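This report covers the salt bridges of one protein model. Please look at the sequence and the structure below before reading on.

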Amino acid sequence: MKVRIPRILEAKDITKLSQEQCKKLRSGDMVIKLTGNQQHRYGVSYKEDKVGMCLTYVDASVVETVSYDYTEGNWVYNSTDVTHITE
């Protein structure tokens, strides 16, 4: 069984990943969003080449999923879904 080491990419805006970044990402990889001196880890939770991709961030208060679609030969940002976790 081949073990794949996850990729780690950094981005200032998770909704503006480049075509090259989107092509490289696979399920299980991580994107680190840099906001000032904060770092937020988004996991690639779904990727089907030439179809779609989801990046998910989870902390104690929120679940955020950013989705990309593959449209007309390009990866394009689709939407961001935010669910606030309550006690």
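## Asp29 and Arg4

The side chains of Asp29 and Arg4 form a salt bridge, with N to O at 3.0 Å. A salt bridge here is a side-chain nitrogen of Lys or Arg within 4 Å of a carboxyl oxygen of Asp or Glu. Asp29 sits in the loop between helix H1 (19-24) and strand E2 (30-35), and Arg4 in the segment before strand E1 (8-11), so the pair ties together parts 25 residues apart in sequence. Helices (H or I, at least four residues) and strands (E, at least two) are DSSP runs, numbered from the N terminus.

Asp29 is buried, at 0% relative accessibility, while Arg4 is partly exposed at 41%. Buried means under 20% relative accessible area, exposed over 50%, and partly exposed in between (1.4 Å probe, protein chains only).

Asp49 forms a salt bridge with Arg26, their closest N and O atoms lying 3.3 Å apart. This pair links distant parts of the chain, 23 residues apart: Asp49 is in the loop between strand E3 (38-48) and strand E4 (52-58), and Arg26 in the loop between H1 and E2. Asp49 is partly exposed at 46%, and Arg26 is partly exposed at 31%.

Asp49 also forms a salt bridge with Lys47, at 3.7 Å between the closest N and O atoms. Lys47 is buried, at 15% relative accessibility.

## Count and basis

The count comes to three salt bridges. The model is predicted: local features need pLDDT of at least 70, side-chain atom pairs count only at pLDDT 80 or more, and totals for chains, interfaces and linings use all residues. Residues are numbered from 1 along each chain as its sequence is written, and side-chain values use heavy atoms, with hydrogens and water left out.
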